[in-house]
Amino acid sequence: MTVTEPGSYPRRRDVRDARTSPGGRPARPAAADAPRGATATAVRTPAPRRPVDGAEGTGTTRGPAAGPTEGAGDVSLIHAGDDPRGRHASGAGEGFTRLVLLTVLGAAVPGTGLIAAGRRVSGWLVLLPVLAAVGALLAVVGTGRLVPLAQRVVFDPQAMLVVAVGALALAAVWALVIVTSHASLRSEVTRGGLTRAQRLASLLLVTALVAVVAAPSATAARYAMANRSLLMNVFGHDSDGGTGPNTAAADPWADVPRVNVLLLGADTGSDRVGTRPDTIIVASIDTKTGSSTLLSLPRQLEDVPFPEGSKAQALWPTACKEDGTGGCMLNAVYLFGSLHPDLFGGTANGNDPGIEATKQAVAEATGLPISYEVKVDLEGFQQLVDAMGGITLNVPRDIPIGGGTNLETGGKYKITGWIEEGPDQKLDGYHALWFARSREGSDNDDRMRRQQCVISAAVQQYDVAQLAAKFPALASAAEQNIQTDIPYGELSAFVDLGQRVKGGDLRALSFTKDNISTGNPDYAALRQLVADAIAPAPAATAAVTATTSVTPAPAPSPSATASADQAVDPTTTC
């Protein structure tokens, strides 16, 4: 008798012997009548009969059996439903590798996973829009319209809102497709089910794929909302209607030969009466070449003119003395405008009368029409530099941190530290701010030159990729500390202009005691200095400034210093 172990399958010979008698007659297995739940049936092979005496000619012999018959009396166990591959060959776990590959493919190309799982209609409904979007993107790239289109979207607050909502919606739909595709593939590809380890691996795989989709979508939405807030709260909303760039033209600046931007560094310290600009610079830009000139005006410039025949011109000499300390100096104009808003357009629609007054006064003093203004809170300047990852400057001497005089008490501030002398010094926002504004041991002329160094270094060192990487922090700092009347609708044109500025010459001229008298200035002579400064640079000078490296060059020897009446490379002054 041969008995197989429970759960095993009988050998092929045992099955054959169990089903056939020695005489060739089929044996009826008892398993045929066994209940469905039985696991095995014993089948005994019947022994041969003895022949009946006297029955001759029948081909049988009566009497004792000639001998034992092979297999007679053997018992085999046949298990209902047994698979010839063994009791552990249930099919569980088979097709797992294919499941993983198709799930990844379905995440990378949404819709393909559903198609592979047999859900063709749903799959194509997902895949066709994806293919259409990719085709449209390739068409835009192929026709060279990607950058203009991207700029138009980036500088449109409403478009930014659509981008933010669309990014989140896309992430949600994409994640749903990944999960649905995987679930459909599990039932289609792995019919025998998955092992516990494979189920865990599947869960981790789907979670990772959803995270890969969700993370960049969330980042895109965050960038879009930060950009929208920046556009709405920092930049102007309306164009000036004709004097600015033509944003619909291939070259927006074709009809604008020069643009003049007033840069104000506002000092609102506790010892100040109102807001008084501590830094006053005009950036005059040749829109064809990108060559730029920084014109630094001393804050103590007196007898500042206003447009001839204006109410401001008539009121200013008396009002500037009544407004408090500072007399009729240039940095008192902002306060004058703030106290007489009706003279400078009022405060409706976000207009700042102080800035408008300063624009008028600077335009009359320099002879340059001021197209735009940008005001930066000097305390917030620290956050801006930190957001941009610091700035590299040449420090010509040890610069004190602190010091100076309290204008209310006349007392001296304590020096709390030093910025050490040396080339290529990497400064964070705190030290860069003190480099630009430190008064101890310096006069206003020296401070203006250091401020020009900071602006020049920023223009040369920061590029679009770096600013984009730091964008959320930079946008937050800018929103709190920058104010400008540049319309967000013209920002695309200013991006193009900024690229020209990086490739053009950058020169600077400071109005100091060496070329004007701040107490009794000759404004006709000052305007002539401005006209000479913004004239095209000589070929030799242009060749030198064009090779300026990203890091400011070391300070030159005194013999190399240009005349105080000439605009020079600002990196040579520090």
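Which residues form a nonpolar patch on the surface? Leu137, Val141, Leu146 and Val147 do, with about 350 Å² of accessible area together. Patches here take residues with over 30% relative accessible area and no salt bridge, and nonpolar side chains (Val, Leu, Ile, Met, Phe, Trp, Tyr) are joined within 5 Å. A salt bridge, in turn, is a side-chain nitrogen of Lys or Arg within 4 Å of a carboxyl oxygen of Asp or Glu. The areas come from the Shrake-Rupley method with a 1.4 Å probe.

Before I go on, a word on the model. It is a predicted one, where local features need pLDDT of at least 70, side-chain atom pairs count only at pLDDT 80 or more, and totals for chains, interfaces and linings use all residues. Residues are numbered from 1 along each chain as its sequence is written, and side-chain values use heavy atoms, with hydrogens and water left out.

Back to the patch. Helix 4 (120–142) and helix 5 (146–154) each supply at least two of its residues; helices are DSSP runs of H or I with at least four residues, strands are E runs of at least two, and both are numbered from the N terminus. Leu146 sits in helix 5 and is partly exposed, at 38% relative accessibility. For these words, buried is under 20% relative accessible area, exposed is over 50%, and partly exposed is in between (1.4 Å probe, protein chains only).

Now to the aromatic rings. The whole structure holds 8 aromatic pairs. Rings of Phe, Tyr and Trp (its six-membered ring) pair if their centres lie within 6.5 Å, and planes under 30 degrees apart are stacked, over 60 edge-to-face, the rest tilted. Take Phe306 and Trp316: their ring centres are 5.6 Å apart and their planes at 65 degrees, so this pair is edge-to-face. Phe306 lies in the loop between strand 5 (292–296) and helix 8 (311–322), and Trp316 in helix 8, so the pair ties together parts 10 residues apart in sequence. Trp316 also pairs with Phe336, with centres 5.1 Å apart and planes at 65 degrees, so that one is edge-to-face too. This second pair links helix 8 with helix 9, 20 residues apart. Trp316 is buried at 4% relative accessibility, and Phe336 is buried at 0%. Ring pairs join Phe306, Trp316, Phe336 and Phe344 into a cluster.

Last stop, helix 13. Running over residues 444–461, helix 13 has 18 residues. Of these, 13 are buried, so helix 13 is largely enclosed by the rest of the structure.

Note on methods:
The expected span of a helix is 1.5 Å times one less than its number of residues. Patches are made of residues with over 30% relative accessible area and no salt bridge: like charges are joined within 9 Å, nonpolar side chains (Val, Leu, Ile, Met, Phe, Trp, Tyr) within 5 Å.
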